[in-house]
Amino acid sequence: AVLRPEGRRLVNEVTGAVSQLKAEQAAAVRAGRAPAHCIPPRGTGITPQGLIQRFRAMPPERRNQDVVDALRQWMVERHPCRS
């Protein structure tokens, strides 16, 4: 199925946000710090349906936050680091 332009923009924004979070994770490890999350090298487990459910479940006061910040919070919950 062909995504509408707004759907493609969301996919691109989420893909970029995940790349940024993975880079932050790698930088923390290189610096000897514990990363905030441990996203696996392949896949985040984010599905379009899960993403929409997650965004819809956000309290109204958090709905206008940056996509990177929203995903960062989700990845901390979804992919915690094991000690």
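**Notebook: burial, packing and a disulfide**

I began with V68, which at 12% relative accessibility counts as buried, and I noted that the model I am reading is a predicted one. The residue V68 sits in helix α3. Leaving aside neighbours within four places in sequence, I listed its contacts as A17, Q20 and L21.

**Entry on A17 and the core**

Which residues make up the largest nonpolar core? I found 12 residues in all, namely V14, A17, V18, L21, I39, I46, L51, V67, V68, L71, W74 and M75. Helices α1 and α3 each supply at least two residues of this core, and α3 gives the most, with five. As background I wrote down that in soluble globular proteins nonpolar side chains tend to be buried together.

**Entry on T44**

Next I went to the loop between α1 and α2, where T44 is found. Is T44 buried or exposed? With a relative accessible area of 12%, T44 is buried, because the cut-off for burial is under 20%. Apart from neighbours within four places in sequence, T44 is in contact with V18, I39, M75, R78 and H79; of these I marked V18, I39 and M75 as members of the largest nonpolar core.

**Entry on helix α2**

I looked at helix α2, residues 48-57, and noted that G50, L51 and R54 are buried there. Why do they lie on the same side of α2? They cover an arc of only 100° around the axis, and this puts them on the same side of the helix. The face of α2 turned away from the buried side carries the exposed residues P48, Q49, Q53 and R56. I also checked what covers the buried residues of α2, and the cover includes α1 (5-30) and α3 (67-78).

**Entry on α2 against α3**

Two packed helices are described by the angle between their axes and the distance between the axes, and I looked up both for this pair. Helices α2 and α3 pack at an angle of about 105°, with their axes 12 Å apart. That makes α2 roughly perpendicular to α3, since angles of 65 to 115 degrees fall in that class. On the α2 side I recorded G50, L51, R54 and F55, which meet A70, L71, Q73, W74 and E77 in α3. Among these residues, L51, L71 and W74 also belong to the largest nonpolar core.

**Entry on the disulfide**

Last, I searched for cysteine pairs, and the count comes to one disulfide. It joins C38 to C81, with an S to S distance of 1.9 Å. The pair links distant parts of the chain, with C38 in the loop between α1 and α2 and C81 in the segment after α3, 43 residues apart. The link of C38 and C81 is right-handed, with 105° about the S-S bond. How accessible is C38? Its relative accessible area is 30%, so C38 is partly exposed, and C81, at 30% relative accessibility, likewise counts as partly exposed.

Terms used:
Residues are numbered from 1 along each chain as its sequence is written. This is a predicted model: local features need pLDDT of at least 70, side-chain atom pairs count only at pLDDT 80 or more; totals for chains, interfaces and linings use all residues. Side-chain values use heavy atoms; hydrogens and water are left out. Buried means under 20% relative accessible area, exposed over 50%, partly exposed in between (1.4 Å probe, protein chains only). Helices (H or I, at least four residues) and strands (E, at least two) are DSSP runs, numbered from the N terminus. The arc is that of the directions from the helix axis to the C-beta atoms. Contact means heavy atoms within 4.5 Å. A disulfide is a pair of cysteine sulfur atoms within 2.5 Å. A nonpolar core is a set of buried Ala, Val, Leu, Ile, Met, Phe, Trp, Tyr and Cys residues joined through side-chain atoms within 4.5 Å. Axes are lines fitted to C-alpha atoms, for helices over the stretch in contact, and angles run from 0 to 180 degrees between N-to-C directions. Angles under 35 degrees count as roughly parallel, over 145 as roughly antiparallel, 65 to 115 as roughly perpendicular and the rest as oblique.
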